[in-house]
Amino acid sequence: MPKLWNETIDAHRAAVRNAVLETTAALVAENGLTSVTMSRIAKDSGIGRATLYKYFPDVDSILLAWHERQIGHHLDHLAEVRDRAEGAGERLEAVLRAFALISRASRRHHDGDLAAFLHRDSQVAEAQQRLHGMIEELLTEGAQAGVIRGDIAPGELASYCLHALTAAGDLPSEAAVHRLVAVTLAGMRPSATDTAEAPHHTDGGTTHPPHHHGPEGHRRSTHGPLG
């Protein structure tokens with residue numbers, strides 16, 4: 001079969017698949033998860049039921065495919081935001097702000113039944129690990145640059161960030177989201193006392209003394225907009 005023909009078929013299949021995903025998401029947002037049927041999805045997508053079943057066996061499989069695409073878009077967006085910013089502190093702030101805004105948008109667009117269904121998706125755990133790793137790397141970079149406190153492990157601070165900013169889903173406005181991000185960042189910056197008391201080594205390294213305040217108690221598991 002000619003290459004051009006293959007590409008045309010692949011493009012058509014991708015278009016049909018995307019139309020089904022978008023239609024299903026719109027129906028769930030409009031009518032709720034339990035009211036969506038394969039017949040309605042086929043009708044609103046402009047395809048036959050038999051064609052729809054060639055792509056997906058049921059509504060759950062469509063929702064999982066849609067969720068996979070959403071997760072990928074969110075992670076790609078966060079990576080782009082990170083790469084556009086310059087400086088350790090700026091990169092961290094940009095990613096945390098973008099994550100918080102995603103948290104708010106996702107919560108507002110998911111009804112309770114859909115959120116519960118998506119939370120069981122096995123893809124969520126992997127996405128959360130990737131997100132946690134991204135934030136942890138930024139925090140490590142920030143600690144090395146002296147803009148993030150060094151007395152708490154970056155992994156613990158990453159969990160603190162994700163737990164704190166997931167709360168953006170319940171905030172009434174974007175202005176409130178920005179305030180939450182500012183408060184979260186403030187809790188991770190080194191204080192003047194930390195900087196003054198930190199011993200300086202001949203190799204240029206700095207060790208911060210342990211403190212009892214801060215987000216040490218937060219655990220690694222998070223349940224943000226990716227889940």
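This is a predicted model: local features need pLDDT of at least 70, side-chain atom pairs count only at pLDDT 80 or more; totals for chains, interfaces and linings use all residues.
**Overall fold**

The protein chain holds 10 helices and zero strands. Read from the N terminus, its elements run α-α-α-α-α-α-α-α-α-α. Of the 227 residues in the chain, 38% are buried. The accessible surface is about 12,400 Å², and carbon and sulfur atoms account for 53% of that area.

**Packing of α4 and α7**

A pair of packed helices is described by the angle between the two axes and by the distance between those axes. Helix α4 spans residues 59-84 and helix α7 spans residues 123-145. Their axes are 11 Å apart and meet at an angle of about 5°. Angles under 35 degrees count as roughly parallel, and α4 and α7 are therefore roughly parallel to each other. On the α4 side, the contact is made by Leu 64, His 67, Glu 68, Ile 71, Leu 75, Leu 78, Ala 79 and Arg 82. On the α7 side, Gln 123, Val 124, Ala 127, Arg 130, Leu 131, Met 134 and Leu 138 take part. By class, this contact has 10 nonpolar, two polar and three charged residues.

**Nonpolar cores**

The largest nonpolar core has 31 residues. Leu 78, Leu 92, Leu 96, Ile 135, Leu 139 and Met 188 have the most contacts inside this core. Two or more residues each come from α4, α5 (88-109), α7, α8 (154-166) and α9 (174-186). Helix α5 gives the largest share, seven residues.

Leu 78 belongs both to the α4 side of the helix contact and to the residues with the most contacts inside the largest core. Leaving aside neighbours within four places in sequence, Leu 78 is in contact with Val 95, Ala 98, Phe 99, Ile 102, Leu 131 and Met 134. Of these partners, Leu 131 and Met 134 are also listed on the α7 side of the contact with α4.

A second, separate core has 20 residues, including Val 20, Leu 27, Ala 42 and Leu 118.

**Four single residues**

| Residue | Relative accessible area | Class |
|---|---|---|
| Arg 179 | 54% | exposed |
| Thr 184 | 2% | buried |
| Arg 149 | 4% | buried |
| Ala 94 | 22% | partly exposed |

Arg 179 lies in helix α9, and Thr 184 is found in helix α9 as well. The cut-off for exposed is over 50% relative accessible area, so Arg 179, at 54%, is exposed. Thr 184 is buried. Beyond its neighbours within four places in sequence, Thr 184 is in contact with Tyr 160, Cys 161, Ala 164 and Leu 165.

Arg 149 sits in the loop between α7 and α8 and is buried. Arg 149 and Leu 139 are 10 residues apart in sequence, and their C-alpha atoms are 8.9 Å apart.

Ala 94 is found in helix α5. Buried requires a value under 20%, so Ala 94, at 22%, counts as partly exposed. Not counting residues up to four places away in sequence, Ala 94 touches Val 81 and Ala 85. Val 81 is 13 residues from Ala 94 along the chain, and the two C-alpha atoms are separated by 6.4 Å.

Notes: Residues are numbered from 1 along each chain as its sequence is written. Side-chain values use heavy atoms; hydrogens and water are left out. Helices (H or I, at least four residues) and strands (E, at least two) are DSSP runs, numbered from the N terminus. Buried means under 20% relative accessible area, exposed over 50%, partly exposed in between (1.4 Å probe, protein chains only). Accessible areas come from the Shrake-Rupley method with a 1.4 Å probe; for residues, only the protein chains shown count as cover. Axes are lines fitted to C-alpha atoms, for helices over the stretch in contact, and angles run from 0 to 180 degrees between N-to-C directions. Angles under 35 degrees count as roughly parallel, over 145 as roughly antiparallel, 65 to 115 as roughly perpendicular and the rest as oblique. Contact means heavy atoms within 4.5 Å. Ala, Val, Leu, Ile, Met, Phe, Trp, Tyr, Cys and Pro count as nonpolar, Asp, Glu, Lys and Arg as charged, and the others, Gly among them, as polar. A nonpolar core is a set of buried Ala, Val, Leu, Ile, Met, Phe, Trp, Tyr and Cys residues joined through side-chain atoms within 4.5 Å.
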